[in-house]
There are 2 protein chains.
Amino acid sequence: MSSSNIPNGFKVGGVRSGISKKEGKKDLALFISEFPATAAGTFTQNMAKAAPVVVDIARLKRGGKFYGVVANSGCANACTGAEGKKNALQMCMEIENKFALPKDSVLVASTGVIGQLLNMQKFYGGVELLKSSLGKSVKNENDAALAVMTTDTFIKKAARKIKIKNGIVKIWGCVKGAGMIHPDMAGLHATMLSFILTDAQIDAKNLQKTLEKSVDQSFNCVSVDGDTSTNDTVILLANAASKTGKLAGKDLRKFADALDEITVDLAKQIAKDGEGATKFIEIEVKNAKTANDAKLIARTIATSPLFKTAVFGADANWGRVIAAAGRAGVPFNPDKIDITMGGIQTFKNGAPLNFSEKRAKKALLKKDIKVELNLKCGKCASKYYACDFSYDYVKINGDYRS
Amino acid sequence: MSSSNIPNGFKVGGVRSGISKKEGKKDLALFISEFPATAAGTFTQNMAKAAPVVVDIARLKRGGKFYGVVANSGCANACTGAEGKKNALQMCMEIENKFALPKDSVLVASTGVIGQLLNMQKFYGGVELLKSSLGKSVKNENDAALAVMTTDTFIKKAARKIKIKNGIVKIWGCVKGAGMIHPDMAGLHATMLSFILTDAQIDAKNLQKTLEKSVDQSFNCVSVDGDTSTNDTVILLANAASKTGKLAGKDLRKFADALDEITVDLAKQIAKDGEGATKFIEIEVKNAKTANDAKLIARTIATSPLFKTAVFGADANWGRVIAAAGRAGVPFNPDKIDITMGGIQTFKNGAPLNFSEKRAKKALLKKDIKVELNLKCGKCASKYYACDFSYDYVKINGDYRS
């Protein structure tokens with residue numbers, strides 16, 4: 001059995017409370033620090049923020065030390081009015097009470113169907129089970145990750161150990177999300193849910209800044225369906241249990257790099273597990289005037305239903321790539337650009353190339369597809385992670401609630 | 001046989017040239033005026049404008065009188081470099097020569113696969129056939145409309161007769177478009193192609209202004225897949241053959257109203273014939289602060305894959321309506337809004353309503369679905385026309401080129 005990657009001073013777990021209607025599925029996760037931790041978060045910018053998002057933003061703004069995050073699947077607790085807000089708060093308070101934690105020290109996240117009220121009796125029952133289910137084994141890790149999954153088909157987690165001046169620091173993270181995935185998170189503002197734990201010591205301000213920067217080049221660069229959720233949440237807890245002192249300078253940069261590796265790894269896992277996905281797509285826009293220009297174009301390609309169905313069909317229909325790029329709202333000269341799909345150049349200096357359709361078909365039948373667009377009008381680049389659009393996407397989403 | 005609606009002084013027709021690979025399908029249309037006509041046009045704002053779009057914009061900017069529009073299906077002549085531009089121009093010149101029309105008096109439009117060069121020999125052959133195929137019968141109307149169709153499943157046309165002070169004025173229009181439909185047309189700037197003919201007398205400036213306003217509340221409010229084409233084109237020719245004098249004042253307003261009826265009628269037909277569509281969806285956002293706010297929200301709902309697959313599955317998943325609305329970039333208070341789907345209210349004052357899932361299912365199994373969102377923060381409204389997202393959409397687009 002491989003050893004657990006949970007950082008020092010954390011316990012995690014997942015149980016079945018019955019909130020999710022999927023028989024036997026674990027649906028309640030808890031991440032607890034044994035020590036007071038600094039916390040950082042990024043949240044959906046959707047106008048219709050779910051109740052747990054509203055609660056977390058308020059708690060993080062107030063600041064202070066945190067001890068944990070409780071998260072359920074099977075019910076998003078979004079668009080649930082005043083009762084939903086009361087329930088989200090009640091979830092935090094129940095964990096604080098039953099685990100003898102300070103007031104206002106727990107955060108909360110939910111995912112599932114929008115517009116249904118949480119079954120609080122089932123939640124309370126789940127908390128009783130959590131009391132005897134927390135730990136730091138690989139099984140605990142997996143139980144926690146499983147409990148927040150909805151239409152996900154595999155567990156998504158990543159971990160790094162960093163050697164710094166005074167010793168070793170660990171970072172571990174998990175993420176759920178396969179549909180309604182197009183995170184657009186800012187500040188104390190995706191339904192992707194990600195929980196990242198570290199035993200490094202980092203003050204809240206640096207933690208928030210480092211997280212925001214990391215999210216911007218990872219979770220904010222992944223799209224399954226273009227639909228930004230009401231519940232997207234990333235929470236990072238740093239509990240200093242590594243006893244390696246406050247991170248600064250080069251050590252903080254090492255931490256930021258490792259965090260970037262984890263968030264990009266998790267973001268790619270989301271795209272690979274996108275609802276109905278048969279292929280992972282990485283889109284890179286190069287030589288744009290600004291990084292934001294590159295990102296806007298990459299995102300527009302990544303969310304084009306015509307492009308995504310073409311990739312599903314293993315059709316090197318590069319015209320859909322340029323059509324999508326052209327409606328991104330970014331000025332460029334179409335007569336200068338190059339396009340490569342699956343390693344095969346299809347378009348050069350604004351004119352179509354003769355390429356072997358047979359070779360292109362073979363390249364696009366692979367599971368990992370890279371698409372590159374060279375704008376030749378600057379020096380900035382951006383990557384975006386996506387998946388194809390299949391019959392199963394329609395099947396999964398034509399009847400999600402029942 | 002019903003009588004034709006083609007306005008006075010116009011002849012139209014459609015033939016098979018062989019440009020389209022669909023065996024036997026008509027693929028070349030011509031709309032000719034017997035008299036010099038003023039012309040107006042709106043074109044895609046995609047950065048990668050197809051060669052015919054570039055040619056038309058230049059010709060319309062130069063102004064003057066026009067005698068016709070030639071249009072092909074089966075090849076978009078987009079992203080075809082310098083040769084594509086030469087070919088688009090050559091299409092105009094060939095019609096001018098073979099029909100003895102003044103230089104620079106013909107416009108051009110193309111639709112089909114992006115990135116392939118037009119087969120000019122087949123085009124020239126088609127022009128020979130057009131010479132003996134033009135007329136003003138219902139068959140001529142239908143041939144022209146058929147010749148510009150690609151994945152369309154039915155002919156889309158509309159006509160009005162307006163009684164004005166000095167007599168009767170006719171307007172006739174057709175449109176093609178079922179995929180890559182999310183027109184965003186401006187000024188002398190959608191692949192939907194629409195050709196509108198009128199025997200009214202209107203100066204070019206008023207014609208352009210009237211067309212732009214009409215397109216903005218019709219073709220610019222329809223989406224099949226969110227993908228704005230490289231080729232979208234609307235051309236309106238006014239040849240004065242009604243001999244009712246220059247339209248002004250009340251008569252011009254009557255003309256504008258009739259044009260609006262035609263463009264909305266054609267826009268709705270596009271949504272009804274959207275690729276793979278099983279349902280027509282009309283989204284109305286009411287009581288917004290501005291009409292643009294209402295339009296942005298309606299458009300975001302109309303293009304949400306999660307909303308569109310829910311409608312396909314006849315699932316009253318209104319949470320996806322509010323989630324889409326919330327990411328439109330328009331501020332609103334989610335605690336105030338109401339949502340109605342298929343006539344059934346599901347959400348009121350920001351809280352979910354208990355509604356009969358059985359009744360909702362029945363309502364959403366209908367072919368015409370109306371979704372209303374009441375923001376209660378202003379007095380402006382906007383409508384958007386869309387269709388559902390089905391297995392057939394994926395099928396049609398997973399293998400479009402072959």
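**Close-up views of a two-chain predicted model**

**View 1. Chain A by itself.** Welcome to chain A, which holds 11 helices and 16 strands (DSSP runs numbered from the N terminus, with at least four residues of H or I for a helix and at least two of E for a strand). This is a predicted model, in which local features need pLDDT of at least 70 and side-chain atom pairs count only at pLDDT 80 or more, while totals for chains, interfaces and linings use all residues. Residues are numbered from 1 along each chain as its sequence is written, chains are lettered from A and ligands numbered from 1 in the order in which they are written, and side-chain values use heavy atoms, leaving out hydrogens and water. Along its principal axes, the C-alpha atoms of chain A fill a box of roughly 70 × 55 × 45 Å.

**View 2. A salt bridge between two strands of chain A.** Here Glu282(A) pairs with Lys370(A), their closest N and O atoms 3.8 Å apart; a salt bridge needs a side-chain nitrogen of Lys or Arg within 4 Å of a carboxyl oxygen of Asp or Glu. Glu282(A) belongs to strand S11 (residues 280–288) and Lys370(A) to strand S15 (residues 368–374), so the pair ties together parts 88 residues apart in sequence. Over all chains, the whole structure has 42 salt bridges.

**View 3. Where chain B meets chain A.** In this view, 57 residues of chain B are in contact with 57 residues of chain A, contact meaning heavy atoms within 4.5 Å. The two chains bury about 4400 Å² between them, 58% of it from carbon and sulfur atoms; this is the accessible area (1.4 Å probe) that the two parts lose on being put together, summed over both.

**View 4. A salt bridge across the interface.** Look for Lys85(B) and Asp335(A), whose side chains meet in a salt bridge (3.4 Å, N to O). The rule finds two salt bridges across the interface of chain B and chain A. Among the elements of chain B that each supply at least two residues of the side touching chain A are helix H2 (81–98) and helix H11 (391–398).
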